[in-house]
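Please open the structure in a viewer and keep the selection panel at hand.

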Amino acid sequence: MASISDIDKSKLPVHIAIIMDGNGRWAKQKGEHRIFGHQNGVASVRDVTEAAAELGIKYLTLYAFSTENWNRPKAEVDALMELLVGTIHKEVPTLNKNKIRLNAIGNLRSLPGNCYKELMDAIGQTSKNDRMTLVLALSYSSKWEIIDAVKKIAERAKKNEVAVNDIDEKIFSSALCTHGMPDPELLIRTSGEQRISNFLLWQIAYAELYFTEKLWPDFHKEEFYEAILDYQNRERRFGKTSEQISASNRQ
Ligand code: IPE
Ligand code: IPE
Ligand code: MG
């Protein structure tokens, strides 16, 4: 099993994103309701957040609820929202103790009123923390985010604040929910599914993808270290040749 001492602190990803999947299957395997899996998934969130902050990761983005997840049975959606409100409320003192700033991306206005309020309060109460930013993707989908960015830029163009010919990657990135954050270098998905499910399509253009069979409630610090070690053993070429990368590493 991987341990923290195996990790090269000089080669850490700045931003790690995680598709936390498999709560329902985890519960089913135990003969329990899906929501039991979500409840146990919270412990993994706590564990991985702590591990990331201890290591010195600067941004951790967790996919907690997708736009498509609104199509789940109402009882599951309600239970998830309730779990979210309760967890955010309870975790604020720990976030402050660990100097972690909370942020959120997605169509936040579509969340139930109490959930939106709790989230905004927690974001406000942790805004001065600077050790790590924990980003929750809530009511998030990448296609929604991209369309939203296009609308914002089109409005600016209409008011002549930006010329159509000047629209570039920088302007586009700054209209996304993730503006001001670096793109994730590492994307982890648990539960054995090998798909992106509408998550950060623009931002993961050059991310390393790591898939594990572990179901989210079974994903703890050791599994997180394992994913980082796997990342550290890869060569990130960005279109160049292996020889070019070795030469620039020697300089
Ligand atoms: C991930 O677990 C949590 C959410 C999507 C909210 P799932 O609920 O998707 O669990 P599986 O994939 O059905 O096992
Ligand atoms: C992706 O998981 C969304 C979250 C982890 C919040 P899903 O379980 O909803 O994804 P699909 O439907 O299997 O692709
Ligand atoms: Mg799933």
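Begin with the largest pocket, which has a volume of about 970 Å³. A pocket is defined on a 1 Å grid over the protein atoms alone: it is an open set of points where a 1.4 Å probe fits, with protein on both sides within 12 Å along at least five of seven lines, and lining residues have an atom within 4 Å of a point. Grid points are joined across faces, edges and corners, and the volume is the space filled by probe spheres set on the points. Select Met-20, Asn-23, Tyr-63, Ala-64 and Phe-65: of the 42 residues that line the largest pocket, these are the closest to its centre.

This is a predicted model, in which local features need pLDDT of at least 70 and side-chain atom pairs count only at pLDDT 80 or more, whereas totals for chains, interfaces and linings use all residues. Residues are numbered from 1 along each chain as its sequence is written, chains are lettered from A and ligands numbered from 1 in the order in which they are written, and side-chain values use heavy atoms, with hydrogens and water left out.

Next, colour the elements around the largest pocket. At least two lining residues each come from α1 (23-29), α2 (34-55), β2 (59-66), α3 (74-97), β3 (100-105) and β4 (132-140). Helices (H or I, at least four residues) and strands (E, at least two) are DSSP runs, numbered from the N terminus. Which element gives the largest share of this lining? It is α3, with 9 residues. By class, the lining of the largest pocket comprises 19 nonpolar, 12 polar and 11 charged residues. Here Ala, Val, Leu, Ile, Met, Phe, Trp, Tyr, Cys and Pro count as nonpolar, Asp, Glu, Lys and Arg as charged, and the others, Gly among them, as polar.

**The second largest pocket**

Now select Lys-11, Tyr-231, Gln-232, Arg-234, Glu-235, Arg-236, Ile-245, Ser-248 and Asn-249, which line the second largest pocket. About 220 Å³ of space lies there. Both α7 (221-232) and α8 (242-250) supply at least two residues of this lining, and the largest share, 3 residues, belongs to α8. By class, the lining of the second largest pocket holds 2 nonpolar, 3 polar and 4 charged residues.

**Helix α4**

Move to residues 113-125. Select Cys-115, Tyr-116, Glu-118, Leu-119, Ala-122 and Ile-123, the buried residues of α4. They cover an arc of only 165 degrees around the axis, which puts them on the same side of α4; the arc is that of the directions from the helix axis to the C-beta atoms. Buried means under 20% relative accessible area, exposed over 50%, and partly exposed in between (1.4 Å probe, protein chains only). On the other side of α4, Gly-113 and Lys-117 are exposed. The buried residues of α4 pack against α3, β3 and β4.

In strand β4, select Ser-139. Ser-139 has a positive phi of about 50 degrees although it is not a glycine, and it is buried, with a relative accessible area of 2%. Continue to Ser-141, in the loop between β4 and α5 (142-158). Is Ser-141 buried or exposed? Ser-141 is buried, at a relative accessible area of 4%. Beyond its neighbours within four places in sequence, Ser-141 is in contact (heavy atoms within 4.5 Å) with Tyr-63, Thr-67, Glu-68 and Asn-198.

**Helix α5**

Finally, select α5, where Ser-142, Glu-145, Ala-149, Ile-153 and Ala-157 are buried. Seen down the axis of α5, these buried residues fall within an arc of 115 degrees, so they line one face of the helix. Lys-143, Lys-151 and Lys-158 are exposed on the other side of α5. The buried residues of α5 pack against β4 and α6 (169-174). Just after α5, Asn-160 takes a positive phi of about 60 degrees.
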